[in-house]
Amino acid sequence: MKKVKGLTLVEMLIAIVLASLLAAFFFRTFRLSSLAWFNVSKLDVIQQMRIAERKLRAELELGTKILHPPVGTTNATRIVFTDSENTLRIIYWTDNEELKIRGLDDAPEVLAKKIKSFTVSHPLDGQISCEITADGSESDDPKQVEKAKLSLGVSAFASNGFTGE
């Protein structure tokens, strides 16, 4: 009788199990690396927002008069004010998701990128409150989008004589 070469059923099952274990290992490795990349991206955006907050606070603390938004406004998208040198300054959000600041004679400076919204409130108490919303995700899936919000309540205006009239 001639011996036929081939694999037995047991050998096939062992090969399938080993291939499955290898696939599971590689899937888990790639999944962890993609999560790490997502978290780094999110941290980068949060860091940009913190830098923007510091720059906003520094600019607004030097302000002498708020020209826009008027007192009582709750949903503005820009701040127009004069600084200590009586120079007009504008902080605004652009359609390409950047928060910028500029003076009349200055080129715009980018404070932060990947900003999804920027809203300003100027309630009757004279304080300015800014809310910056950003996300570090490249996905449009709402389940994947991580958002971080910062509220900037600048209280130094009262001590600097910063008014909204």
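Threonine 94 sits in the loop that links β4 (88-93) to β5; helices (H or I, at least four residues) and strands (E, at least two) are DSSP runs numbered from the N terminus. Threonine 94 is buried, at a relative accessible area of 12%, where buried stands for under 20%, exposed for over 50% and partly exposed for what lies in between (1.4 Å probe, protein chains only). Its side chain makes a polar contact of 2.3 Å with the side chain of asparagine 96. Such a contact is a pair of N or O atoms within 3.5 Å; within protein, one must be able to donate a hydrogen and the other to accept it, and residues adjacent in sequence count only if both atoms are side-chain atoms.

A word on the model itself: it is predicted, local features need pLDDT of at least 70, side-chain atom pairs count only at pLDDT 80 or more, and totals for chains, interfaces and linings use all residues. Residues are numbered from 1 along each chain as its sequence is written, and side-chain values use heavy atoms, leaving out hydrogens and water.

Glutamate 97 belongs to the loop between β4 and β5. Most residues other than glycine have a negative phi, and most peptide bonds are trans.

Proline 69 lies in the loop between β1 (65-68) and β2 (73-76), and Proline 69 is among the residues touched by valine 120, contact meaning heavy atoms within 4.5 Å. Valine 120 is part of strand β7 and is buried, at 0% relative accessibility. Threonine 74 is 46 residues away from valine 120 in sequence, yet their C-alpha atoms are 6.5 Å apart.

Strand β5 (residues 98-103) includes lysine 100, which is buried at 17% relative accessible area. The side chain of lysine 100 makes a polar contact with that of glutamate 98 (3.4 Å). Beyond its neighbours within four places in sequence, lysine 100 is in contact with residues including Thr94, Tyr92 and Val110.

The largest nonpolar core has 21 residues, and Ile79, Ile91, Leu99 and Phe118 touch the most other members. Such a core is a set of buried Ala, Val, Leu, Ile, Met, Phe, Trp, Tyr and Cys residues joined through side-chain atoms within 4.5 Å. At least two residues come from each of α1, β3 (78-82), β5, β6 (109-113), β7 (115-122) and β8 (128-135), with α1 giving the most, five residues. Leucine 99 touches, among others, Ala52, Leu56, Ile91, Phe118 and Ile132, leaving out residues up to four places away in sequence.

Helix α1 (residues 9-61) also holds valine 17, which is partly exposed at 47% relative accessible area.

For the whole picture, the protein chain has two helices and nine strands, running α-β-β-β-β-β-β-β-β-β-α from the N terminus on. Of its 165 residues, 28% count as buried. Among contacts between residues at least 6 apart in sequence, 45% join residues at least 24 apart.
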